[in-house]
Amino acid sequence: MILTAALLTILPLVSADTIANMFEWSHDDVAKECVRFLAPNGYKGVQVSPVNECAVINGRPWWERYQPFSYKLVSRSGDEAAFKNMVETCNGVGVRVYVDVVFNHMSANQPSGTTGTAGSQPDTNNKQYPDVPYGPGDFHSTCSINDWGNRWQIRYCELVGLHDLNQASEYVRGKIVDFLNHLIDIGVSGFRVDAAKHMEPDDLAVIYGRTHNLNTRWFPDGSRAYFFQEIYSNQDSDVIKPQEYTKLGGALDFKYGFELARAFTGGNQLKWFYNFGEKWNMLPWKDSVVFIDNHDTQRSGVFGMNALTYKQSRQYKMANGFMLAWPHERAVVMSSFSFDNKDQSPPAYPVPVNQDGSCGGGWVCEHRWRQIYGMVGFANVVQGTEVSNWWTNGNYQISFCRGDKGFIAINGEQSDLNADLQTCLSPGDYCDVVSGLKQNGGCTGTTITVRQGGMASIKIPGNADDGFVAIHAQSKL
């Protein structure tokens, strides 16, 4: 049995905000969820799907959201009034709203007569979008990206036929800024910027810089929107890297979820994760937004490998558990709908919630899984602490402390984990936040007893449903 460097400080101290990506939820459902679940369980933000008008495509695939027709706030999720109510409701309980925004492009060519979610009928074949309005002169020339080693093509040609806007144009910049400012004035906190890799950082700097300060009804005077940008990259061989954009805001770190998927599917031993982060050629925590999966990687994988998703529930829970226990500044938890093919449309609204707290009607709601929301609480308790007392069996079993606030042990093997481990917590009985809750003076799941000196007997069978346990200062009885 191998124990590694007991009191070694590994990573810098950071905050630990967790954002729930409520993919394809309606505005009304998100508003309800902010009050009844997200705020009470420690989620600090909610990411919502694109809110502006898009093409209504036959079969209503999820990706129609990424085919804008105008910047009117009318989508499958609801109209502007419903959006405003959602933002006000969520802000009222301390859950900040982040909108997925699409302004690299407008739609691809659609059949004549195709109508948008707000009723517009642009002439897409001639790049005429009268409800913005945009015309042919507001777009880059028509060319396709066929060489992913060519920086110019990536930024100036059309991504899968989507008409590529010219963000260097003052007119186009003005329309985009007006759209963002409208959302900011309503009360959003920030934006996930779709396809940021396909836009010039200098153009984005101008656009971001012209946005309004956040609404002082909910935010301190002078607060600015947070932009976290989609730059699909493994940061090794790509010609466009996230570091080109991090002076402007955060960046989604695709490599993060890839490496955890590789580990939890047997491709890399967990023993190596003692220095997970920048030394793995990842972004610094201050620059990154980390995640296990999102709506794209769920369906198309990442770097030629399948992403971990709700469909591999045991490994998926463990990967999310590690993410939320490990130091980070912002993490996104995916909340999906079930799908059998990658184009499948979302289920019907409203999202039904069962008596046991799970969702029905085809909605997966990973953010409601006890193993995940229990670790959201863990992340909130341990923020600002260091990783210490790293332990490993030399393979796929690990544990570590977060200061004197939290402890996690993970068994990624089929054999049992049965060891006396240092928890760094004061003596007493603690509720494992993975298997249950602290409730009415007891634990609904496993109780872990910490002895004098912080040691505890930790047992995780190789066939356990969850594969990990976690306790923290606030789970003490």
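# Close-up views of a predicted model

View 1. UniProt, in an unreviewed entry, places the feature "domain: Alpha-amylase C-terminal" at residues 388-476. The model shown here and in the other views is predicted. Within it, the span of residues 388-476 is 0% helix and 52% strand, and the end C-alpha atoms of this span lie 20 Å apart.

**View 2. The disulfide of cysteine 401 and cysteine 424.** The sulfur atoms of cysteine 401 and cysteine 424 are 2.2 Å apart and form a disulfide; the torsion about their S-S bond is about 85°, so this disulfide is right-handed. Cysteine 401 lies in strand S11 (residues 397-402), whereas cysteine 424 lies in the loop between strand S13 (417-422) and strand S14 (428-431), so the pair ties together parts that are 23 residues apart in sequence. Cysteine 401 has a relative accessibility of 0% and therefore counts as buried, the limit being under 20%.

**View 3. The disulfide of cysteine 431 and cysteine 443.** Here the sulfur atoms of cysteine 431 and cysteine 443 are 2.0 Å apart in a disulfide, and with -90° about the S-S bond the link is left-handed. Cysteine 431 belongs to strand S14 and cysteine 443 to strand S16 (residues 442-443), so that the pair links distant parts of the chain, 12 residues apart. Which of the two cysteines is buried, and which is partly exposed? Cysteine 431, with a relative accessible area of 1%, is buried, while cysteine 443, with a relative accessible area of 22%, is partly exposed.

**View 4. The disulfide of cysteine 143 and cysteine 157.** Cysteine 143 and cysteine 157 form a disulfide in which the sulfur atoms are 2.0 Å apart, and because the torsion about the S-S bond is about -100°, the disulfide is left-handed. Cysteine 143 is located in the loop between strand S4 (96-101) and helix H3 (151-156), and cysteine 157 in the loop between H3 and helix H4 (170-186), so the pair ties together parts that are 14 residues apart in sequence. Both cysteine 143 and cysteine 157 are buried. In the structure as a whole there are five disulfides, and when the bonded cysteines of the protein are numbered in sequence order, the pairing reads 1-2, 3-4, 5-6, 7-8, 9-10.

**View 5. The surroundings of arginine 65.** Arginine 65 is placed in the loop between strand S3 (45-48) and helix H2 (80-92), and at 3% relative accessibility arginine 65 counts as buried. Its side chain is joined to that of glutamate 24 by a polar contact of 2.9 Å, and to that of serine 77 by a polar contact of 2.6 Å. Leaving aside neighbours within four places in sequence, the residues in contact with arginine 65 include Trp25, Ser49, Pro50, Cys54, Val102 and Tyr349. One of these, cysteine 54, is itself buried, with a relative accessible area of 2%.

**View 6. The packing of helix H1 and helix H2.** Helix H1 (residues 27-38) and H2 pack with their axes 8 Å apart and at an angle of about 10°, which makes H1 roughly parallel to H2, since angles under 35 degrees count as such. On the side of H1, His27, Asp28, Val30, Ala31, Cys34 and Val35 take part in the meeting of the two helices, and on the side of H2 the residues are Ala82, Phe83, Asn85, Met86, Thr89 and Cys90.

Definitions and conventions
Residues are numbered from 1 along each chain as its sequence is written. This is a predicted model: local features need pLDDT of at least 70, side-chain atom pairs count only at pLDDT 80 or more; totals for chains, interfaces and linings use all residues. Side-chain values use heavy atoms; hydrogens and water are left out. A disulfide is a pair of cysteine sulfur atoms within 2.5 Å. Helices (H or I, at least four residues) and strands (E, at least two) are DSSP runs, numbered from the N terminus. Buried means under 20% relative accessible area, exposed over 50%, partly exposed in between (1.4 Å probe, protein chains only). UniProt positions are given in the numbering used here, feature names are shortened, and annotations may be inferred rather than shown by experiment. A polar contact is a pair of N or O atoms within 3.5 Å; within protein, one must be able to donate a hydrogen and the other to accept it, and residues adjacent in sequence count only if both atoms are side-chain atoms. Contact means heavy atoms within 4.5 Å. Axes are lines fitted to C-alpha atoms, for helices over the stretch in contact, and angles run from 0 to 180 degrees between N-to-C directions. Angles under 35 degrees count as roughly parallel, over 145 as roughly antiparallel, 65 to 115 as roughly perpendicular and the rest as oblique.
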